[in-house]
Amino acid sequence: ENSIKSIEGDAITLNDIVPFDWDVVYTFEPYSSKESIEEIVGFKSADIKENNINEGMVHLLFVKDEKVVASILGYSENLGYRLDFSSKVTFSENAQFNVTVSDDVVILTHSK
């Protein structure tokens, strides 16, 4: 959270700002059930939460060696950031994100 909020500049790689080891980060549509999320990531875990609360929530799941290493589920206004990408990003692709700030929310948009 702090590394995202303190970004300076207009572009960043996700690998540079995530302070822990991860292989893949997933994002999920609103109202995604736990079962559908487990199907997408390919394993079951008590750390996987469904997003059945509301649209507009950030729902990120960082995975390393088929284990959840971080789960983020909250409103971007409360978190102070949002990541926009299609469904998943892998560490190995060293994904680039454009950085914008709107209403005190840092928005990282995947630049394919």
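Modeller: Let us begin with a definition: a residue is called buried when its relative accessible area is under 20%, and exposed when that value is over 50%. Please keep in mind that this is a predicted model.

Colleague: Why is Val58 called buried?

Modeller: The relative accessible area of Val58 is 4%. The limit for a buried residue is under 20%, and Val58 is therefore classed as buried. This residue belongs to strand S3, which covers residues 57-64.

Colleague: What is Val58 in contact with, beyond its neighbours within four places in sequence?

Modeller: Contact requires heavy atoms within 4.5 Å. On that criterion the partners of Val58 include Ile72, Leu73, Leu79 and Tyr81. As to Thr27, 31 residues separate it from Val58 in sequence, while the C-alpha atoms of the two are 7.8 Å apart in space.

Colleague: What makes strand S8 largely enclosed by the rest of the structure?

Modeller: Strand S8 spans residues 105-110, and five of its six residues are buried, so the strand is largely enclosed.

Colleague: How do you know that S7 and S8 pair?

Modeller: Pairing requires at least two bridges between two strands. Six bridges join S7, residues 96-102, to S8, and the two run antiparallel. One example is Val101, which stands opposite Val106 in S8. S7 and S8 also form a hairpin with two residues between them, and Asp103 in the turn has a positive phi of about 50°.

Colleague: Which sense does the pairing of S5 and S8 have?

Modeller: Strand S5, residues 81-84, pairs with S8 in the parallel sense, over four bridges. Leu83 has Leu108 in S8 as its bridge partner.

Colleague: Why are S1 and S5 said to stand at the edges of the sheet?

Modeller: The open sheet consists of four strands in the order S1-S7-S8-S5, with mixed pairing. S1 and S5 each have a single partner strand, so one side of each is left without a neighbour in the sheet. Direction ignored, neighbouring strands of this sheet are turned by 30° against each other on average.

Colleague: What is the volume of the largest pocket, and which residues are the closest to its centre?

Modeller: The volume of the largest pocket is about 320 Å³. Among its 17 lining residues, Thr27, Phe28, Glu29, Met57 and Phe85 are the closest to the centre. S2, S3 and S5 each supply at least two residues of the lining. By type, the lining comprises seven nonpolar, six polar and four charged residues.

Key. Residues numbered from 1 in each chain as written. Predicted model: local features only at pLDDT ≥ 70, side-chain atom pairs only at ≥ 80, totals over all residues. Heavy atoms only, no water. Buried < 20%, exposed > 50% of the residue type's maximum accessible area, 1.4 Å probe, protein only. Axes fitted to C-alpha atoms, helices over the stretch in contact; angles between N-to-C directions. 1 Å grid on protein atoms, 1.4 Å probe; cavity = no way out; pocket = protein on both sides within 12 Å on 5 of 7 lines; lining within 4 Å. Points joined across faces, edges and corners; volume = space filled by probe spheres on them. Nonpolar A, V, L, I, M, F, W, Y, C, P; charged D, E, K, R; others polar.
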